[in-house]
Every structure is written in structure tokens, then in C-alpha cells.
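Dear colleague,

I am handing over the structure shown below, and after it I set out what was found. Please read the notes with the model open beside them.

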Amino acid sequence: MEQYKIDFIHFMIDCQVLKFGDFTTKSGRKTPFFVNTGFYRSGSQLRELGAYYAKAIQAKFGLDFDVLFGPAYKGIPLSVATTMAISEIYDKDIKYCSNRKEVKDHGDTGILLGSPLSDGDKVVIIEDVTTAGTSIAETLPIIKAQGEVSPIGLVVSVDRMERGQGTKSALAEIKEKYNLETTAIVTMEEVIGCLYNKEYKGRVIIDEAMKTAIDEYYKIYGVK
């Protein structure tokens, strides 16, 4: 596993973004692990997070694209932090763009924040965690309404590797339905491989009992 992936897993734990225990997701699934990106709260955390996204994007898509689009609201700081990181790490200037939830009719009018989208633009979409596709279904029409632009990919921080609406993973469903390449900084398989029966800062985060709970979860919600 690449070192930046290991560093990112530890970073999520340090920020209390990745937790293990007993949780219920918005969809009602009882899960032994939870990713809450709302715990990225400081400038230094966002700076580091942007660097991890930048490395994942470069690894999957390269840097031959024009705009990084972050859907409102969580995607707004992600798009800003990551385009800054791409500039710093790779000396490549990528524009950032986000949408508003409501269209403004005065001042800086329209539905977009940041850079406008222009004909010919290649666009990568950035989100926090694996989506069930709802956000993409809302985001793609907004992007395509701006002109002859080409959405080429979606990047998320963590691929939970569980079923979306059907039997395939949520990211696989998005790729199939929207012809959109997808990637994640890390997958839960990589998280488990990094933490299972290994100490981090004096404690084992995924012990035998937690590994059993995770395995049971994936028996129900894992990808067939």
C-alpha cells in the first residue's frame, strides 16, 4: 500500500473522522465503523486533507483536466483545499467550482461559485465519502447545463465498499450509470489491512472482536 494511504488512515483517526463502534447510517444500516468528515475543522487539517486528495486524483486521473467541482456544501472546502494542494505539490493550476443550493439573482449571480465552466472543460468531481448516487444525480445536470463540458471522474475520501441501490458497490453503480470513472483515497479493505491487529499510538484499533463485527456487516451489506 502506498505510504500516503497509510498516512491518510492514521490522519483520519487522529482527526476523529474514522471511528469504530456501534453506529447507524442515514440509510438505517447498523455499522461498526463510521466516517464523519465534519470533524475536519481546522486550516491545517484541510491543508493535509487536500494533499491526500491531490495524490489520489493524480494517481487515478493524472492532471490533464481543467476544473475540480465540489458539490455544495461539503464539496466546497474540498475543492478549494485540493486545488491549492495540486498547485503546491504538482505546480499545476486547476480551477475550482462549486454550486449553490439556491440561485442568486444579484451581485455574483447564478448557481456557481468559483470558476465558471466553459465549453471543452474536463471536470473531476470531488466528494467526501462513497455516495449512493443521489448527489451525482443532482450534480451532473448542473455541470452539463453550463456548456459542452466533459465530467471525467469522481473522487471520494473513503470507499466503504458496500452495496449501493442494488448488488454492486455505490461507486460501481455510479460508473455504470453515468459512465464516470471513480476512485477513493482509500478503501475500507485498505483501512482494515492497515489497522487489523496492529498498534497505532499504543492501541489496537481493529482487534479480533471489531474485525468479526466488520466481517458480519459485510456479510449483509458487502458487494456480491
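Helix 3 (residues 75-90) has 16 residues, which at 1.5 Å a residue should span 22 Å, and its end C-alpha atoms are 21 Å apart, so the two values agree. The expected span is 1.5 Å times one less than the number of residues in the helix, while helices (H or I, at least four residues) and strands (E, at least two) are DSSP runs numbered from the N terminus.

Before going further, please note that this is a predicted model, in which local features need pLDDT of at least 70 and side-chain atom pairs count only at pLDDT 80 or more, whereas totals for chains, interfaces and linings use all residues. Residues are numbered from 1 along each chain as its sequence is written, and side-chain values use heavy atoms, with hydrogens and water left out.

To stay with helix 3, its buried residues include Gly-75, Leu-78, Ser-79, Ala-81, Thr-82, Thr-83, Ala-85 and Ile-86, where buried means under 20% relative accessible area, exposed over 50% and partly exposed in between (1.4 Å probe, protein chains only). An α-helix has 3.6 residues a turn, so residues three or four places apart point the same way. The residue that follows helix 3 is Asp-91, and its phi is positive, near 55°. In the loop between strand 3 (67-70) and helix 3 lies Tyr-73, which is joined to Ala-72 by a cis peptide bond with omega of about 0°.

Helix 1 (residues 3-14) contains Asp-14, which is partly exposed at a relative accessible area of 41%; the C-alpha atoms of Asp-14 and Tyr-4, ten residues apart along the chain, are separated by 15 Å. Ile-9 also has its place in helix 1, but Ile-9 is buried, with a relative accessible area of 0%. Although 176 residues separate Ile-9 from Ile-185 in sequence, the C-alpha atoms of Ile-9 and Ile-185 are 9.3 Å apart in space.

Turning to the strands, strand 7 (residues 150-159) is mostly covered, with eight of its ten residues buried. Strand 7 pairs with strand 6 (residues 122-126) in the parallel sense over five bridges, two strands being counted as paired if DSSP finds at least two bridges between them, and Val-123 stands opposite Pro-151 of strand 7. Strand 7 also runs parallel to strand 8 (residues 181-187), to which six bridges join it, and the bridge partner of Gly-153 in strand 8 is Glu-181. From strand 7 the chain passes through helix 5 (residues 170-178) to strand 8 in a β-α-β crossover that is right-handed, a term used if, with the strands pointing away from the viewer, the path from the first strand over the helix to the second runs clockwise.

Two loop residues may deserve a look in a backbone check. Asn-179, in the loop between helix 5 and strand 8, has a positive phi of about 55° although it is not a glycine, and at 70% relative accessibility Asn-179 counts as exposed. Lys-201, in the loop between strand 9 (199-200) and strand 10 (203-204), is likewise not a glycine and has a positive phi of about 50°; Lys-201 is exposed, with a relative accessible area of 64%.

As for the cysteines, a disulfide is taken as a pair of cysteine sulfur atoms within 2.5 Å, and by this rule the count is zero. Cys-15 is in no disulfide, and the nearest cysteine sulfur, that of Cys-194, is 15 Å away. Cys-15 is buried, with a relative accessible area of 8%, and Cys-194 is buried too, with 11%.

Finally, there are nine aromatic pairs in the structure, where rings of Phe, Tyr and Trp (its six-membered ring) pair if their centres lie within 6.5 Å, and planes under 30 degrees apart count as stacked, over 60 as edge-to-face and the rest as tilted. Tyr-217 and Tyr-218 form an edge-to-face pair, 5.8 Å centre to centre with 75° between the planes, and both Tyr-217 and Tyr-218 are buried. Phe-8, Phe-11, Tyr-40 and Tyr-52 are linked into a cluster by ring pairs. A charge sits over a ring if NZ of Lys or CZ of Arg is within 6 Å of the ring centre and within 35 degrees of the ring normal; the charged end of Arg-41 sits in this way over the ring of Phe-39, 4.3 Å from its centre, and that of Lys-211 over the ring of Tyr-196, 5.3 Å from its centre.

With best regards
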